[in-house]
Amino acid sequence: MSRMGDVLAGFHAAWEFESDSVRIRYERGIRTPKLFQALGTRRIPYEAIDTVTLAPGKRGTVVLRAVPRPGADPLMEAAAGQLKEGGDPYQLVLPAERETLAEYYADELRAQLKQDRGPAERFLVAAPEVPLRFKAYDGKATFDGKTVSFRWFWTGASSAKWKAGDQSFPVAGLIGVEWRSPEVFEGHLRLLRGPEPLLPVDQDPAAVVFGLGYGPVHESLPFAAAVLSAVRSARPAGVVPAGRRDPADIAERIRHLGELHAAGLVTDEEFSAKKAELLAEL
């Protein structure tokens, strides 16, 4: 690698190259994505990186990107490909005139990577620090590192959740986390507890529902990543897959989705994508 301590600065972030890792320091400012500001500084071991790419960006820029190995970063595992292009914490955007310098560092990074390592057997990137909390539409979620708690809001929680009462879930009793971005239809955070069929999120006392202005990415995604990391630590053998949904539940949700589409509350693209997602769960 190049000299230890070398820094490559771009828009919204700077990469500092160390002997065994790259330290990404995100800027603070009104133009910096809120997720980056929430992450602050992240240390990415070279062992956690799969590949490195360099490609032209928008408006006279180039984009240097480190692609993490599957299973190496709890944040990216929780995100499950749902982050928008501009919200990728593994990319560094630079002016096009710095392309030669960016190519040099890309080559230096590639030289540190081993070939064909496959998915990581454990998380190699540290999870966001706890305690963490955020407000969903129907409740407040908190995590202290050992227990996830949901406190329901009477103005948003369903009667089923209100009847069940506030909830606390030790991570030792969980098998995973399901995060659906608040920027898409039916955003939510669900705690996975076993192979039983899943309830609709508005009825599930192990889930909180997002909505306009609730559960923003920069709050709910680090929360999900921290919980997922704690669950994996408690279950080093891996996460047990969640069970499939009841077909009757799928049919009901598709019917409801069709009503929203007919009313113009869901676009054609959202309807098609969500319907395909629901059918895949059968």
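D138 is buried, with a relative accessible area of 2%; buried means under 20%, exposed over 50%, and partly exposed in between, using a 1.4 Å probe and protein chains only. You'll find D138 in the loop between β8 (132–135) and β9 (139–143). Strands here are DSSP runs of E with at least two residues, helices are runs of H or I with at least four, and both are numbered from the N terminus.

Before going on, a word on where this comes from: this is a predicted model, where local features need pLDDT of at least 70, side-chain atom pairs count only at pLDDT 80 or more, and totals for chains, interfaces and linings use all residues. Residues are numbered from 1 along each chain as its sequence is written, and side-chain values use heavy atoms, with hydrogens and water left out.

So what does D138 touch? Leaving aside neighbours within four places in sequence, D138 is in contact (heavy atoms within 4.5 Å) with residues including W152, F153, K161 and V209. With K161, the side chain of D138 makes a polar contact of 2.5 Å. That term means a pair of N or O atoms within 3.5 Å; within protein, one must be able to donate a hydrogen and the other to accept it, and residues adjacent in sequence count only if both atoms are side-chain atoms. A polar atom of the D138 side chain also lies 3.0 Å from the backbone nitrogen of V209.

Now look at the strands on either side. β8 and β9 form a hairpin with three residues between them, and they pair in the antiparallel sense over four bridges; pairing takes at least two bridges found by DSSP.

Let's move to the charged pairs. Side chains of opposite charge can pair when their charged atoms come close. A salt bridge is a side-chain nitrogen of Lys or Arg within 4 Å of a carboxyl oxygen of Asp or Glu, and the whole structure has 13 of them. One joins E178 and R190, with the closest N and O atoms 3.0 Å apart. E178 lies in β12 (176–180) and R190 in β13 (188–192), so the pair ties together parts that are 12 residues apart in sequence. E178 is buried at 12% relative accessible area, and R190 is buried at 0%.
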